[in-house]
Amino acid sequence: MSDIKECFVSRWGDDGYLIEVDYKQLEVIGLAFLSQDPMLYKDINDGVDMHSMSAAFLFGEKYETILSAVAAGDPEWIKKRGEAKMPSFLMQYGGKAKGMAMKTGLPVKACQTFIDNYYTRYTKVGEWQDSVEKEVNSGKQISTFTTRAGLPAMTGSYSSVTGRVYHFKQVDSFKKGKGSTDFHQPHMKNYPVQGFAADIVMCMLGVLHRKIKESSIKDKLLIVNTVHDSIILDCHKDVLDMALRSIKAIMEATPYFLHKVYKIKFDLPLRVDIEYGKNWKSLTTYTE
């Protein structure tokens with residue numbers, strides 16, 4: 001962690017605290033909702049440790065064995081669980097085996113095994129990704145764009161559950177051969193998931209802002225910034241306990257607000273991690 005984060009402190013000096021709120025596994029949960037994959041739903045609802053599951057995909061060991069080993073403090077499996085985090089992350093970006101191997105240093109064969117095991121368990125994820133690609137291709141249109149090789153590039157679009165429309169432009173296709181174009185598969189897999197997560201955060205940022213402005217502590221609790229999926233706030237010590245309880249209650253009511261704003265029946269739990277401290281680097285986890 002960078003020491004630069006230690007420079008960020010409360011405007012109230014010793015009388016203030018910084019608060020960071022971050023959803024747990026937001027993109028995984030978003031992918032489950034978009035794909036409606038029953039096994040991914042079950043794993044989320046059962047509280048499966050997704051990093052241990054990723055290690056099972058990668059190394060061909062049973063999930064329960066890895067979970068027990070990690071819980072027992074086995075250094076080998078703790079390390080392997082850590083190694084499995086990056087492939088899991090890259091999967092959400094539509095990563096392929098060769099690219100995954102280049103970024104992780106793992107063998108291509110191991111990366112392909114990970115991908116195969118992932119899609120075997122979560123079959124509906126692959127089907128949903130295929131449906132996005134089909135929608136983009138079915139509505140493609142001639143455009144004025146060209147690829148890097150100077151070839152005509154068509155455009156296509158995908159409409160999300162929140163009403164956001166994603167536009168994609170064709171690129172040079174090495175898979176189809178020289179002189180061919182196609183839409184970039186990783187983009188089509190990733191953008192709707194990343195965008196849905198961003199829509200959730202932005203929606204709740206607005207809700208949180210309004211709730212604070214309507215509260216009795218509006219002059220002592222201020223939203224400072226957003227960083228990826230997290231929200232940073234500045235809080236006076238006099239209202240810290242109330243602020244932490246209120247923030248947790250509001251952010252975990254996200255399904256209600258998604259229905260209210262987007263008419264989405266979001267049927268998965270969205271939990272948040274909340275930390276607070278005298279500076280952004282030194283934070284303590286909030287537990288009720």
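This report describes the pockets, a central strand pairing, the cysteines and the aromatic pairs of a predicted model.

## Basis of the description

The model is predicted, so local features need pLDDT of at least 70 and side-chain atom pairs count only at pLDDT 80 or more, whereas totals for chains, interfaces and linings use all residues. Residues are numbered from 1 along each chain as its sequence is written, and side-chain values use heavy atoms, with hydrogens and water left out.

## The largest pocket

The largest pocket has a volume of about 900 Å³. A pocket is an open set of points on a 1 Å grid over the protein atoms alone, where a 1.4 Å probe fits and protein lies on both sides within 12 Å along at least five of seven lines; lining residues have an atom within 4 Å of a point. Grid points are joined across faces, edges and corners, and the volume is the space filled by probe spheres set on the points.

Of the 31 lining residues, Asp22, Tyr23, Glu27, His228 and Asp229 are the closest to the centre of the largest pocket. Two or more lining residues come from each of β1 (16–23), α1 (26–35), α3 (50–59), α6 (85–92), α10 (185–213) and β8 (272–277). These elements are DSSP runs numbered from the N terminus, with helices (H or I) of at least four residues and strands (E) of at least two. The lining of the largest pocket comprises 15 nonpolar, seven polar and nine charged residues. Here Ala, Val, Leu, Ile, Met, Phe, Trp, Tyr, Cys and Pro count as nonpolar, Asp, Glu, Lys and Arg as charged, and the others, Gly among them, as polar.

## The second largest pocket

The second largest pocket has a volume of about 710 Å³. Among its 22 lining residues, Gly94, Lys96, His184, Gln185 and Pro186 are the closest to the centre. Helix α7 gives the most to this lining, with four residues. By class, the lining of the second largest pocket has seven nonpolar, seven polar and eight charged residues.

All seven residues of strand β7 (residues 230–236) are buried, that is, under 20% relative accessible area, where over 50% is exposed and values in between are partly exposed (1.4 Å probe, protein chains only). In a regular strand the side chains alternate between the two faces of the sheet. One side of β7 carries Ser230, Ile232, Asp234 and His236, and the other carries Ile231, Leu233 and Cys235.

Strands pair if DSSP finds at least two bridges between them. β7 pairs with β1 in the antiparallel sense over seven bridges, and valine 21 stands opposite isoleucine 231. β7 also pairs with β6 (residues 221–227) in the antiparallel sense, over six bridges. In the hairpin of β6 and β7, two residues lie between the strands, and histidine 228 takes a positive phi near 55°.

## Cysteines

The structure holds zero disulfides, a disulfide being a pair of cysteine sulfur atoms within 2.5 Å. Cysteine 7 is exposed, with a relative accessible area of 60%, while cysteine 111 is buried at 0%.

## Aromatic pairs

Rings of Phe, Tyr and Trp (its six-membered ring) pair if their centres lie within 6.5 Å; planes under 30 degrees apart count as stacked, over 60 as edge-to-face and the rest as tilted. The count comes to 14 aromatic pairs. Phenylalanine 57 and phenylalanine 114 have ring centres 5.9 Å apart and planes at 75°, so the pair is edge-to-face. Phenylalanine 57 lies in helix α3 and phenylalanine 114 in helix α8 (residues 108–121), so the pair ties together parts that are 57 residues apart in sequence. Both phenylalanine 57 and phenylalanine 114 are buried.
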